[in-house]
Amino acid sequence: MEIREPAMAGTLESSDCQIVLRPNPGRGIEIDLDSAVEAMFKDSILETVKQTLAEFAVTDASVEIRDRGALDCVIRARLQCAVCRGAKESYDWTKEDG
Amino acid sequence: MAEKEIRLKRTSLYASGSSPVNMIQAVFYNEDMLIYDLEDSVPAAEKDAARFLVYQMVKHHRPKDKYVCIRVNGIYSEYLEEDLQAAVRANPDGIRIPKVEYAREVQAVSVRIAEIEKKIGLKPGKIELICNIESYMGVLNAMEIAQADPRVVAMAVSAEDLTASMRAQRTKKGLEVFYARNAVLLACRAAGIDALDIVFSDIHDKEGLKEDTALAKNLGFDGKTCIHPRQIDTVNAYFTPSMKEIKYALRVLAAVEEGKKQGKGAVTLNGGMIDKPMELRARTTLAQAEAAGIRTEGMVV
């Protein structure tokens, strides 16, 4: 899936995260993470981000994450939303059936 | 026929689908039913985000001890189809449909749910439905809505939209919705489903809440929707059976058991016949007592 335009999802409230996704043609995935729990959860957050992008077959994108202690499932939901907004496509829920 | 499973619905609390912190905190209160909301609490521009959040939260962060519900957007809204795609796949206990006015609307939603259930391999009919009655037309058609589909397990009255549709003035005493509450309640009783009462809107008026909840309990409601977590314990207390009610329920069930042992078709207690609804009511009473931490096993009746 191609990220066509900058997109944002999420907030800076506690237990949430704000994700800004931008097109990054030919430069792969670049992640900029700012998290209060970075020391403990950096690897886990990055893993969730990479895995979610891979599920959408997003190969080129710049991802900016401002994390406020979001659960893994919240990060995933915010990123799914940002990808769909950036790609200007609605989500195919049958992807969840596999 | 299998025994109908009793799921307590003394208190329902909405958690906004646009707020992760709201959804996370809601798990820690004592409500029986947690409703993840995609409708009123979510602005139009955030409907897509809320759908992802609610799906992920119900799928991965679901409380084990609550009836989990997802309130989808209205039947005629552009969001409903995608809401159902996400909600059914999240596999909650129930889906709450807002502003129901006709049986055919419930049936249409049920058919759509069945198609998704089939596609993802869920047991057909697994997802239950709770219908919100929020207009004069919904009240007038409460009987047909309550019996519209086997998935319907409860109806909930909502006073704010209802009074607006009636052109009535919303008051704290609630005389303007007294008929509607009773009409919906009786329709629920006729269909053998749960009846859930209106919210009490003033979160600072504890005495008012007590009075309104006592009325709901006396009218026969099974529970009440709470507008704020601080209302939950008060409402739960009113819908928790008294010792007198518990002991009577134990006597009913003891008589039923004794009748079964003796192979009797009809069972009596104090000269009155015990029918199936009385037995179900006794079981509900004990389930409510146990949910409130009252041990009924071995209790002297």
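**Exercise 1. Find the bridge partner of Leu13(B) in strand 2 of chain B, then work out how the neighbouring strands are arranged.**

Step 1. Leu13(B) has Leu34(B) as its bridge partner in strand 2 of chain B. Strands (E, at least two residues) and helices (H or I, at least four) are DSSP runs, numbered from the N terminus. Before going on, note that this is a predicted model: local features need pLDDT of at least 70 and side-chain atom pairs count only at pLDDT 80 or more, while totals for chains, interfaces and linings use all residues. Residues are numbered from 1 along each chain as its sequence is written, and chains are lettered from A and ligands numbered from 1 in the order in which they are written.

Step 2. Now look at the whole pairing. Strand 1 (residues 11–16) of chain B runs parallel to strand 2 of chain B, and 5 bridges join them. Two strands pair if DSSP finds at least two bridges between them.

Step 3. Turn to the other neighbour. Strand 2 of chain B is also joined by 5 bridges to strand 3 (residues 67–71) of chain B, again in parallel. Here Leu34(B) has Val68(B) as its bridge partner.

Step 4. Strand 1, helix 1 (residues 20–26) and strand 2 of chain B form a right-handed β-α-β unit. Strand 2, helix 2 (residues 47–60) and strand 3 of chain B form a right-handed β-α-β unit as well. A crossover is right-handed if, with the strands pointing away from the viewer, the path from the first strand over the helix to the second runs clockwise.

**Exercise 2. Decide why strand 2 of chain B is described as largely enclosed.**

Step 1. Sort the side chains by direction. Met33(B), Ile35(B) and Asp37(B) point one way, Leu34(B) and Tyr36(B) point the other way, and all are buried.

Step 2. Check the cut-offs. A residue is buried if 20 or more other C-beta atoms lie within 10 Å of its own, exposed if 12 or fewer, and partly exposed in between, with C-beta atoms placed from the backbone.

Step 3. Conclude. Strand 2 (residues 33–37) of chain B is largely enclosed by the rest of the structure because 5 of its 5 residues are buried.

**Exercise 3. Describe the surroundings of Gln107(B).**

Step 1. Classify it. Gln107(B) counts as partly exposed because it has 14 C-beta neighbours inside 10 Å.

Step 2. List its contacts. Leaving aside residues up to four places away in sequence, Gln107(B) touches Ala148(B) and Asp149(B). Two residues are in contact if their C-beta atoms, placed from the backbone, lie within 7 Å. Asp149(B) is 42 residues away along the chain, yet the two C-alpha atoms are separated by 6.2 Å.

**Exercise 4. Describe how chain B meets chain A.**

Step 1. Count: 15 residues of chain B are in contact with 17 residues of chain A.

Step 2. Find the elements. On the chain B side, helix 1, helix 2 and helix 3 (80–90) each give two or more residues. Helix 2 of chain B provides the largest share, 7 residues.

Step 3. Sort by type. The chain B side divides into 9 nonpolar, 4 polar and 2 charged residues. Ala, Val, Leu, Ile, Met, Phe, Trp, Tyr, Cys and Pro count as nonpolar, Asp, Glu, Lys and Arg as charged, and the others, Gly among them, as polar.

**Exercise 5. Now try chain A: which residues form the covered face of strand 4, and how does this strand pair?**

Step 1. Start with the pattern. Chain A has 2 helices and 4 strands, and along the sequence they read β-β-β-α-β-α.

Step 2. Compare the faces. In strand 4 (residues 61–67) of chain A, the covered face holds Ala61(A), Val63(A), Ile65(A) and Asp67(A), while Ser62(A), Glu64(A) and Arg66(A) form the uncovered face.

Step 3. Find the pairings. Strand 2 (residues 17–23) of chain A pairs with strand 4 of chain A in the antiparallel sense over 7 bridges, and Ile19(A) has Ile65(A) as its bridge partner. Strand 3 (residues 29–35) of chain A pairs with strand 4 of chain A in the parallel sense, over 7 bridges.

Step 4. Trace the crossover. From strand 3 of chain A, the chain passes through helix 1 (residues 38–55) of chain A to strand 4 of chain A, and this β-α-β crossover is left-handed.
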